[in-house]
Amino acid sequence: MVKITKESALEYHESGRPGKIEVKPTKPYHTQTDLSLAYSPGVAFPCLEIQQNPDDVYKYTDKGNLVAVISNGTAVLGLGDIGAMSGKPVMEGKGLLFKIYGGIDVFDIEVAEKDPEKFCEAVEKIAPTFGGINLEDIKAPECFYIEERLKKTLDIPVMHDDQHGTAIISAAGLKNALEVAGKNIADVKIVVNGAGAAAISCTKLYVALGAKVENIVMLDSKGVITADRPNLTPQKALFATKRTDVHTLEEAVKGADVFVGLSKGNVLSQDMIRSMADQPIVFALANPVPEISYEDAMASRPDVLMSTGRSDYPNQINNVIGFPYIFRGALDVHAKAINEEMKMAAVHAIADLAKQPVPDIVNEVYHVNDLTFGPKYFIPKPVDPRLITEVSAAVAKAAMESGVARKAITDWDAYKKNLMELLGQETKLTRNLHDTARLHPQRVVFAEGGHPSMMKAAVQARLEGICHPVLLGNPDRLQRLAQRLKLSLEGIDIVDMRADQEQGRRATYAKHLAKKRARQGYTFEEAYDKMYERNYFGMMMVETGDADAFITGLYTKYSNTIKVAKEVIGIRKEYSTFATMHILNTKKGVFFVSDTLINRHPDEHILADVARLTAHTVRFFNEEPKIAMISYSNFGTDEIGSPVKVHAAVDELQRCFPDMCIDGEMQVNFALNKQLRDDKYPFTRLKGKDVNTLVFPNMSSAQSSYKMLQALDPDAEIIGPIQMGLNKPIHFTDFESSVRDIVNITAVAVIDAYVTKKISGHN
């Protein structure tokens, strides 16, 4: 666990611009017209529309994506009643989580009012601003009254997350833990240590799941809450036991199946856990110090199923698994409330998600490969990207079915895709690539079948229906790796190019290559030896039609791969070289950058070929290329060095291809700033055009540019390298490519293979 010091925390909150959230404009504002539309006089028109139809406020304003995080600071984290202003850093932090996990805008509002009536009045008066209200850090029992009143008086979703967020996540965890233990919730004995807002809400939800009230024992700071105790609050009275034989925690947990701690640290001992029933479920949720440490609980007995509120141990009960997606679903149907049906839908969606195969991104974050449903994984991880689609959709459906939705969602697939796009998990570009590839899946050979990322990508591509994968490698080794990675290789072909039974195919490939390269001095014997190398063998599979596309690059040096590709596949006859391109999907649009991999120091003729290849490939992605040839000078201002070659290449292209939308040489800022370029150089073929394609003077500048953007903007999506100019679909990866990167390249390779077949007349 990362150690947080006072100094590091204060520096984090103070550095740069103080605070953790800000407001950004979403509409143009640079011109006088923009400002007149944003404010007076244009703003009057949506005001009048909303006056005529109040629901239009969701159409013309941010209300439908705006949540208030409201607190009076009476129960801030473990700090207690520290006041409204002192709690502001926590409320800002909650706003940050809403934004990064749910794409939801937040105003944090700190109300300096402890009187529940006056607090509610303040909230009711500002409620028209918001699409939902998240109550936060309000002490019990006032929080119960405040939430219930606001739910009755307001027509927007209201939720006290300290109560219901913890309840929803822990209920999902309990549901799954009981399944792992093979126990029925109606039969188990449950001990709840704590009787605050979270404990009461959790226990209510357990009962809604099927737990019996008579099987529940709840404790507060005075011990077991019994029915004969005087002056019980209505909330505690719900779970006061009629048993007379239990008074202490030690007595209560004896023989119990479940312990849920929402109290304070180090109150549960190893002996107490040993006294519980077989396969006891222990949720020690006090934070940062749990009721018993994970190590002590696991050491007490081997069959314990353990959860804490901490991220450094398995099965973390973390509210962030719930609240961003519960509000997301509620906002997207313009819900009037968050009701019990919506909470229960979230419980089941979260619980079900833990039983599905875990995305590779989750394994990467936690540096594991074995997250499968069981004792150490029965709650999804907070970083699981599927939470936004599964939980939000479940909540939205429940809102519609329970009658609190103002707006209906009819296309759930489209809704989920929009959610993925909202958080940058998927873009229209990658979605179109994958959807197109799924229409015509091809047989794709993965060279480094024994590389974990390559194997995971092949499995993922098969599961998504993108291709029919072929892994090169020793079958026994690949199966052992698959078992270690918890992957199924069902439906994936494995080809051992070095096996004796492949002797005939190696000979056939060698004859073909020797014949093709005879004029370059190739002999059969030399070609046969080459067939023991994965790149030669795999590319020959594509060359001879035994496969449709080939993916390589995680192990092999590019120089070797380039050499093999030229020998085996060859360059298209209308070009003198081949090249690669990366697609950069940024907030400012999609850009195509080349040559990022192949030609180190091209002359003007190769640069011209690269530009032609790039134009052809940009059209392949259904975009019209508007190309800037990049250098460090503009239009002949420097008469030595690389600008001269770029200048000559542009001259050649403009002379030979008068309709090509290309110009240069120019600096990057002139390429990407249309107004700057048009004002300074109005003569260009790019006048009035937004450049979308950049051809760099050498591999170093091209690669440095896209990698710099990748480092500076982690949200920018980068697809590539995409091969341009070989006779058949041979595609490369970077050695640092993620699984998703390889899957994206696989989709490109599949489309490339299909288009190549169509052009050549093959089905």
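Ile-133 is in contact (heavy atoms within 4.5 Å) with Ala-68, Ile-70, Val-123, Ala-127, Leu-154, Ile-156, Pro-157, Val-158, Met-159 and Phe-327, neighbours within four places in sequence being left aside. The model is predicted, and local features need pLDDT of at least 70, side-chain atom pairs count only at pLDDT 80 or more, and totals for chains, interfaces and linings use all residues. Residues are numbered from 1 along each chain as its sequence is written, and side-chain values use heavy atoms, with hydrogens and water left out.

Ile-133 is also one of the residues that touch the most other members of the largest nonpolar core, together with Ile-70, Leu-135, Phe-283 and Met-342; this core holds 101 residues. Apart from it lies another core, of 58 residues, which includes Ala-579, Leu-607, Val-739 and Val-750. A nonpolar core is a set of buried Ala, Val, Leu, Ile, Met, Phe, Trp, Tyr and Cys residues joined through side-chain atoms within 4.5 Å. Buried denotes under 20% relative accessible area, exposed over 50%, and partly exposed in between (1.4 Å probe, protein chains only).

Of the 763 residues in the chain, 52% are buried. The secondary structure comprises 31 helices and 21 strands, taken as DSSP runs numbered from the N terminus (helices H or I, at least four residues; strands E, at least two). The C-alpha trace spans about 100 × 75 × 50 Å along its principal axes. Among contacts between residues at least 6 apart in sequence, 69% join residues at least 24 apart.

Helix H1 (residues 6-14) is hardly covered, with a count of 0 buried residues among its 9. Gly-16, which follows H1, has a positive phi near 60 degrees.

Two cis peptide bonds are described here. One runs from Ala-140 to Pro-141, with omega near 5 degrees, and Pro-141 is placed in the loop between strand E3 (132-135) and helix H7 (142-153). Asp-137 lies in the loop between E3 and H7. Although Asp-137 is not a glycine, its phi is positive, about 55 degrees; Asp-137 counts as buried because its relative accessibility is 4%. The other cis bond joins Gly-720 and Pro-721, with omega about 0 degrees, and Pro-721 is found in strand E20 (residues 717-724).

Asn-231, not a glycine either, has a positive phi of about 60 degrees. Asn-231 is found in the loop between strand E7 (223-224) and H10 and, at 80% relative accessibility, counts as exposed. Thr-241 occupies the loop between helix H10 (234-237) and helix H11 (249-253). Thr-241 is buried, with a relative accessible area of 6%. Beyond its neighbours within four places in sequence, Thr-241 is in contact with Ile-216, Val-224, Ile-225, Thr-226 and Ala-227. The C-alpha atoms of Thr-241 and Val-217 are 6.0 Å apart, the two residues being 24 apart in sequence.

His-434 is found in helix H19 (residues 428-439) and counts as buried at 2% relative accessibility. Residues up to four places away in sequence not being counted, His-434 touches Glu-464, Ile-466, Arg-740, Val-743, Asn-744 and Ala-747. The side chains of His-434 and Arg-740 are joined by a polar contact of 3.3 Å. A polar contact is a pair of N or O atoms within 3.5 Å; within protein, one must be able to donate a hydrogen and the other to accept it, and residues adjacent in sequence count only if both atoms are side-chain atoms.
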